[in-house]
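Okay, thanks for coming, everyone.

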Amino acid sequence: MLGVIGAMEEEVQLLRNEMTILEEQTIAGIVVTLGTFHGTEIALAQSGIGKVNATICTQMMIDRFSPSAMVFSGVAGGLLPNMRAGDMIIASHVVQYDMDLTAFGRRHGEMPGQTRMTECDPALVEKATQAFDLAFDGLEGAPNLMLGTIASGDKFVQDTKTLRWLQREFAALATEMEGAAFGYTCHLNSLPFVVIRGLSDTAGETATGDFTDNLKRVCQNSYHLMERLIPLLAA
Ligand code: SAH
């Protein structure tokens with residue numbers, strides 16, 4: 001089965017609405033919905049916000065449901081000036097930007113014995129790009145797709161200084177609060193994973209308002225991509 005995680009209600013509810021639900025379990029306070037999505041077996045969980053919640057949820061899903069692959073789907077703040085709310089990011093790499101051992105001469109995001117960036121599974125990234133094309137090719141007002149690094153930390157970024165630092169320090173396209181914790185946990189468990197994000201805001205001074213205004217619409221874009229991706233992962 002495929003494991004799918006979103007942090008917030010809005011990020012999981014469209015998928016959940018379309019599932020044939022077999023069972024719901026609450027484990028460590030996390031609701032996991034088990035069943036099929038258009039015929040594909042999935043376990044869908046709402047992790048809650050931030051790296052700690054994402055880590056607990058990911059390890060719990062792996063231990064309890066033995067997924068063959070994991071996808072995190074949600075929203076993020078874009079870091080490049082020309083990005084628009086609604087655009088989609090498929091992570092090639094994820095990094096915990098607030099892991100700071102610079103006191104020991106390490107680079108931001110670097111941990112002892114680990115690569116600084118965690119690489120998403122290239123085959124899943126490829127399938128996610130196919131799913132994007134299936135969902136949006138030829139559609140008027142279609143979002144843009146960008147592949148690259150997502151930087152995660154336990155902070156909602158809403159200032160130009162931080163967003164520029166993230167862009168330049170990590171060559172990151174977007175920032176959010178779960179992807180790198182999810183990815184790192186999958187990596188430690190040797191499980192293929194990918195992170196998919198729709199841009200709810202551009203992480204600058206207007207980010208909080210933009211996030212609130214755009215959340216529902218952007219989650220629909222992510223849903224359309226996920227709707228095409230899930231069957232590809234069953235094959
Ligand atoms: N509505 C919440 C806060 C949402 S936090 C409350 O009531 O407190 C923002 C969520 O969206 C996180 O799950 C994060 O992964 C993502 N996100 C979107 N834009 C972001 C940004 N600019 N910085 C950090 N995370 C962002």
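Let's start with Cys 120: at a relative accessible area of 2%, Cys 120 is buried. Keep in mind that this is a predicted model.

So what about disulfides? A disulfide is a covalent bond between the sulfur atoms of two cysteines. To be counted here, the two sulfurs have to sit within 2.5 Å, and by that rule we get zero disulfides. For Cys 120, the nearest cysteine sulfur belongs to Cys 186 and is 9.2 Å away, and Cys 120 is in no disulfide.

Okay, on to the ligand. How many residues surround it? There are 18, and the closest are Val 157, Glu 176, Met 177, Glu 178 and Asp 201. By type, that shell splits into 10 nonpolar, three polar and five charged residues.

Now the polar atoms, if you zoom in. One oxygen atom of the ligand is 2.6 Å from an N or O atom in the side chain of Glu 178. As for cover, the ligand taken alone exposes 570 Å², and the protein buries 74% of that. Which elements give two or more residues to the shell? Those are strand S5 (69–78), strand S9 (172–176) and strand S10 (193–201).

Next, helix H1, residues 9–17. The buried residues there are Glu 11, Val 12 and Leu 15. If you look down the axis of H1, these buried residues fall within an arc of 75 degrees, so they line one face of the helix.

Last stop is Thr 33, which you'll find in strand S3, residues 30–37. Is Thr 33 buried or exposed? Buried, because its relative accessibility is 3%, and under 20% is what counts as buried here. The side chain of Thr 33 also has a partner: a polar contact of 2.7 Å joins it to the side chain of Glu 24.

That's my tour, so over to you for questions.

Methods:
Residues are numbered from 1 along each chain as its sequence is written. This is a predicted model: local features need pLDDT of at least 70, side-chain atom pairs count only at pLDDT 80 or more; totals for chains, interfaces and linings use all residues. Side-chain values use heavy atoms; hydrogens and water are left out. A residue is near a molecule or strand if one of its heavy atoms lies within 4 Å of it. A polar contact is a pair of N or O atoms within 3.5 Å; within protein, one must be able to donate a hydrogen and the other to accept it, and residues adjacent in sequence count only if both atoms are side-chain atoms. Accessible areas come from the Shrake-Rupley method with a 1.4 Å probe; for residues, only the protein chains shown count as cover. Helices (H or I, at least four residues) and strands (E, at least two) are DSSP runs, numbered from the N terminus. Ala, Val, Leu, Ile, Met, Phe, Trp, Tyr, Cys and Pro count as nonpolar, Asp, Glu, Lys and Arg as charged, and the others, Gly among them, as polar. Buried means under 20% relative accessible area, exposed over 50%, partly exposed in between (1.4 Å probe, protein chains only). The arc is that of the directions from the helix axis to the C-beta atoms.
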